[in-house]
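Please view the sequence and structure below before reading on.

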Amino acid sequence: MTEWIWLVIALPALGTVFLHFFGRRIGEPYAGWIASATIGSSFVIGLIAAVPFLRGEAHAETVYLFDWIPALGAHAELLWDPLSALMVLVVSGVGTLIHVYSIGYMHGDERFGRFFTYMNLFATSMLTLVLANNFAVLFLGWELVGLCSYLLISFWFTRPAAAAAGKKAFIVNRIGDFGFMIALMLVFTTFGTLSYSQVLENPGELLGAGTATAVGLLFLVGAAGKSAQIPLYVWLPDAMEGPTPVSALIHAATMVTAGVFVVARTAPIYALSETASVAVATVGAFTALLAATIAIAQRDIKRVLAYSTISQLGYMFVGVGSAAYVAGMFHLMTHAFFKALLFLGAGSVIHAMADEQNMNKMGGLFGKMKITGWTMAIATLAIAGIPPLAGFWSKDEILGTAFEKGGFYYLLWAIGLLTALLTAFYMTRMFILTFLGKPRWAEGVHPHESPRTMTVPLMVLAALSVLGGLVNTPFRLGLEHFLEPAFEGVELAHAPEGALLWILAAVSVLAGVVGILMAAALYLGPEERRERLLGQIRRPWFAMENAYWVDQMYGRTIVIPGKKLSIWAAFTFDNGVIDGIVNGVGVLVQRLAAALRPLQTGLVRNYALVLAAGVVGLVVWFLSSGGL
Amino acid sequence: MTVTVDWYLILAAVLFVIGAAGLLVRRNAIVMFMSIELMLNAVNLTFVSVGRELRDLTGQFAVFFVLVVAAAEVVVGLAIIVSIFRTRATASVDELSEMKG
Amino acid sequence: MDGWDVAIVIVKVLVVFALLLAATILLVWIERKVVADMQNRIGPERAGPWGILQTLADGLKLLFKEQIRPNKVEVGMYLLAPVLTLLPAFLIFMVIPIGVPFTVTLGGVERVVSMQGTDLNVGLLYILAMSSLAVYAVVLAGWSSGSKYPLLGGVRATAQAISYEAAMGLALVPVVFYAGSLSISEIVAAQSGTWGGIVPRWNIVPLFLSFVIFFIAIIAETNRAPFDLVEAEQEIVGGFHTEYSGFRFACFFLAEYINMFNMSAIAATLFLGGWNGPTFGLTGFVSWLLPIIYFFIKTFVLIFIFMWVRATLPRFRYDQLMTLGWKRLIPAALLWLVLSAVVVGWRQFGAPWT
Amino acid sequence: MTELVLFFIFGALALVGGLTVVAARNPVHSAMGLMLTLFSLAVFYVVQAAHFVAAVQVIVYAGAVMTLFLFVIMLIGVDKAENLSETIRLQRPLVVLVGLTVVVVGVFVAVGGRFAWITGVVGAGPEVNGTAEAIGDDLFTTWLLPFEATSLLLIIASAGALALAFFRPRRREGKEEGAP
């Protein structure tokens with residue numbers, strides 16, 4: 001089966017091409033079903049191909065397709081190991097559910113077929129990224145997901161906000177890509193190849209500690225761009241302008257995990273540099289805290305989830321930064337389940353509220369939308385880290401590993417714990433504001449449960465959110481054994497064992513419970529109390545509500561000076577210096593041509609004469625130099 | 001006195017020079033064309049003569065192909081001349097100098 | 001090669017010359033008689049028995065007439081054209097075998113004398129080359145006359161010659177396939193014998209279409225009715241020979257009939273088996289004489305068809321002439337060429353699947 | 001002996017023909033001069049046992065090429081005598097110079113024995129005989145590819161000539177149709 005693994009990429013690619021040409025013609029809902037079928041088949045193929053790993057029998061295999069850029073050591077070659085298998089299953093599995101959901105969600109959109117073209121293209125790109133066997137193919141997928149992100153965020157491009165958000169995502173991603181590219185160049189100059197097998201086999205031989213740190217930090221820049229970490233996270237909240245399934249698929253479940261995946265993939269390099277690893281973990285921890293504090297004060301349901309995503313990605317960075325790659329990937333997986341569920345649930349709510357996203361205008365929806373309500377409740381508990389739901393296991397493992405490492409990591413552990421509390425708080429707040437309390441609907445809104453195509457994926461994802469954590473419990477480390485072959489030769493950090501494990505677990509559960517109770521006390525209790533409390537912390541609350549004005553600060557310090565520089569370059573430098581040079585060359589050529597023009601008499605006999613004289617001259621020269 | 005290959009070569013050279021001179025001196029496109037034919041034939045003569053001297057048929061194949069190419073060239077060339085004449089009412093190449101600098 | 005060989009060659013040339021002149025005199029008379037008969041007239045009858053000396057009388061008259069030379073003519077070419085028209089006419093007959101060779105002892109050496117001017121290994125190409133030269137005299141005559149009608153006749157002759165020469169050449173290629181040689185004597189030899197003792201092995205049997213195309217093409221090549229646009233009286237007066245008179249006119253007249261005879265002889269040689277025919281087991285002098293008789297019978301049958309066609313069909317219009325040449329004859333000739341190539345190839349190399 | 005006589009007769013005719021091409025004021029005379037040269041060369045080919053080439057020379061040049069030339073000369077009516085005076089400055093002297101250089105170089109090469117490159121293989125086999133069979137044998141085996149290539153060239157040339165023949169210059173403003 002492994003040699004057919006290219007089908008995993010090829011099927012969605014085929015779907016893309018097909019829908020590109022015929023998407024509009026076959027229309028709704030068949031375009032959606034075709035798209036779902038292609039990615040669903042990818043999932044099935046991935047699942048069959050992953051069977052040997054589940055049995056613990058097989059080892060990593062490469063599938064050679066064709067020569068691409070031999071000089072870079074970059075062939076069209078796929079790597080099929082547990083890590084890519086996990087990613088393929090997550091991407092295609094969650095992707096399939098979101099595709100199916102989109103059929104209902106995008107109902108009535110006039111560019112229905114086009115939407116699924118992009119969705120399939122995204123799946124193609126992401127699967128290329130995770131299946132790559134060298135950095136060149138990885139980079140190809142990396143750039144393509146950026147492109148898809150742009151296309152899908154600004155899918156409703158007639159809305160200025162959506163168009164701007166798409167551009168922002170693209171540009172911020174480019175900044176990260178820049179670091180990523182420099183990292184690739186550094187890798188290439190060091191190793192002379194971009195192939196995983198040669199770079200990652202034993203990087204210590206060629207890679208000094210300094211270079212390893214540099215490469216690691218540069219990869220971190222790229223990963224931060226894609227995975228929305230400090231300081232490049234600003235695009236993700238804006239990306240909520242796209243259709244909600246896009247937010248679910250790209251900005252929660254799959255694309256943003258590319259950064260985490262890359263760090264995990266290049267684990268042997270990070271193993272060489274403590275500095276780089278600590279940097280990854282630190283960035284992750286602070287991002288987690290920052291995003292969580294912002295999430296607390298948001299009114300827009302999708303923005304809460306967006307900042308929550310950033311925060312959770314921060315957790316994953318803490319995990320992979322602490323050398324707990326399995327824990328990081330584990331959280332990536334569980335997060336994919338419950339965050340996709342949250343977004344889809346939010347989408348369902350938005351759908352029901354006639355595109356209303358402000359939580360202050362919701363409330364009391366539980367009675368109207370039973371399935372959405374229940375599944376959202378499960379997701380909220382899962383992300384809050386309540387056992388035995390999925391989030392508890394993975395988050396706990398990350399926190400445990402950080403604590404075990406000690407030293408500087410104690411600080412990170414503390415931040416993580418605080419974040420866990422905040423997470424529980426804002427998620428509960430969101431749930432209460434949306435589903436409980438009195439209805440605060442705008443007039444003319446009649447909430448209703450969503451159609452079957454939307455609720456079925458919700459239920460499947462809810463089940464996964466409940467059960468997903470059980471693949472890697474301290475009692476049975478299933479995922480760890482599964483992923484082990486992918487991290488051969490890398491020393492993995494582990495969560496503590498014995499009593500400490502239970503204490504830490506209890507502490508984090510406690511943090512979650514406290515968060516939930518605080519939120520419940522504040523938002524289910526009398527309104528005056530809430531008003532009073534918020535009044536006391538008005539200023540910091542205002543700052544959090546406005547995301548600490550980071551966007552404005554970026555605008556002031558980077559965008560506006562950049563614009564000024566561009567204007568100077570365009571109208572002063574370019575017009576004066578560059579055009580001057582060009583025009584000077586042009587004038588020079590003109591003068592020269594004017595001087596030489598009389599040679600061109602237009603008389604063909606003249607030319608013939610010169611030609612003949614030239615030939616005769618050559619013959620004479622050859623003869624006189626003894627050539628003949 | 002026997003005729004050696006040199007004689008034919010010198011004759012061919014003279015014919016070639018006559019053709020080249022015609023090409024350079026005459027203005028009538030048709031006559032220029034004929035001068036080119038003359039040059040081609042001069043070369044053909046060298047092919048046959050040297051081929052005979054070297055006991056090699058290849059020279060005659062060269063002549064054969066030159067003949068075919070010359071025929072093709074004449075067909076197209078004369079068609080062009082007729083086209084030019086239809087637009088310009090002249091066959092003098094000196095008057096076709098729009099492309100001069 | 002000794003003096004006797006040279007003498008034989010000279011005799012051959014003289015014989016050909018005499019033969020063609022005599023044939024012309026006869027042909028003119030025959031044509032007048034035949035056409036007259038077809039038009040329910042009597043034709044010449046005063047000079048000699050059945051008017052047989054009429055041509056001779058006409059020829060003598062032309063010889064003594066004044067040779068007008070208009071002012072505007074290009075003198076050199078004007079004088080050259082009549083001579084030029086006769087040259088290929090005489091030369092072309094040099095490669096036609098009119099009978100079987102005979103042996104004779106001269107100067108103590110036994111020599112085989114073929115009834116053929118010379119047997120070239122590129123004989124057929126020679127025929128094509130010479131027949132293509134015939135048009136020059138017409139063109140030059142028309143051009144050098146310095147007059148409108150002759151010039152039009154000359155231009156028409158050029159276009160007509162180019163158009164029909166292609167069809168003619170293509171129609172001859174299958175003949176080469178069947179004989180496997182360009183030599184005329186070998187082509188004739190390849191046509192000896194019969195199929196099943198009854199049907200003679202003449203090329204006309206398998207190559208009837210080629211023969212028809214060839215025959216039409218030679219009528220056009222010789223500028224005979226219905227392809228005589230070159231000298232169409234109603235349109236361009238006398239065409240290329242409008243400005244010629246006297247003996248110079250006689251040259252053109254002579255050349256036209258020689259060409260007709262030549263072409264008929266060629267058609268008879270290439271398609272009707274040449275001098276081949278039943279010898280009835282006879283030997284000696286008769287077996288030498290019979291082939292010559294067969295040859296002339298075939299030739300005159302074809303000449304009769306020439307005249308028959310002339311008497312029957314009206315003249316073509318110019319565009320009809322071109323259409324017939326380029327859109328009918330050449331494609332048909334190409335088709336037949338490919339088919340006969342397949343047949344010959346099949347016979348020589350076996351079926352393609354073996 | 002025969003060859004010597006033929007060489008002088010037809011060599012002289014070829015030169016006369018060539019000079020006629022260049023010097024004649026009338027294109028028809030030029031064409032006739034070219035014919036003369038072509039025939040003389042055909043005779044040389046026969047003398048040098050290149051029978052097939054000789055026959056093809058007459059058929060192609062006399063039968064087709066020159067007929068076309070004459071046709072075009074008459075079609076476009078440039079049979080008036082042409083003014084032969086030179087209009088381009090220095091053209092004639094330079095042509096003479098180039099021509100003389102070639103002649104001088106030719107004499108120099110001939111006198112200096114520089115044709116020596118030929119003598120190495122002279123007489124290394126029987127005389128070649130360019131019969132139709134000999135030419136055909138090699139033409140359809142060794143030279144098959146060039147042969148096919150030239151056939152393609154001929155087809156392209158005929159197509160091109162047809163395209164040019166059917167081309168009509170676009171009518172300009174204020175000009176009568178049919179005006180040259």
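Contact here means heavy atoms within 4.5 Å. By that rule, 83 residues of chain D are in contact with 65 residues of chain B. The model is predicted, with local features needing pLDDT of at least 70 and side-chain atom pairs counting only at pLDDT 80 or more, while totals for chains, interfaces and linings use all residues. Residues are numbered from 1 along each chain as its sequence is written, chains are lettered from A and ligands numbered from 1 in the order in which they are written, and side-chain values use heavy atoms, with hydrogens and water left out.

**Chain D and chain B**

One salt bridge (a side-chain nitrogen of Lys or Arg within 4 Å of a carboxyl oxygen of Asp or Glu) is found across this interface. D:Glu3 pairs with B:Arg52 in a salt bridge, and their closest N and O atoms are 3.1 Å apart. Helices are DSSP runs (H or I, at least four residues) numbered from the N terminus. Those of chain D that give two or more residues to the side touching chain B are α1 (2-23), α2 (27-47), α3 (51-75), α4 (91-111), α6 (132-139) and α7 (144-166). The largest share, 13 residues, comes from α3(D). By class, this side of chain D has 60 nonpolar, 15 polar and eight charged residues. In this classing, Ala, Val, Leu, Ile, Met, Phe, Trp, Tyr, Cys and Pro count as nonpolar, Asp, Glu, Lys and Arg as charged, and the others, Gly among them, as polar.

**Chain B and chain A**

Here 13 residues of chain B are in contact with nine residues of chain A. On the side of chain B that touches chain A, helix α1 (residues 5-25) of chain B gives the most, with three residues. That side divides into seven nonpolar, two polar and four charged residues.

**Area and polar contacts**

Buried area is the accessible area (1.4 Å probe) that two parts lose on being put together, summed over both. A polar contact is a pair of N or O atoms within 3.5 Å; within protein, one must be able to donate a hydrogen and the other to accept it, and residues adjacent in sequence count only if both atoms are side-chain atoms.

| Interface | Buried area | Share on carbon and sulfur | Residue pairs in polar contact (both at pLDDT 80 or more) |
|---|---|---|---|
| Chain B and chain A | about 870 Å² | 63% | two pairs |
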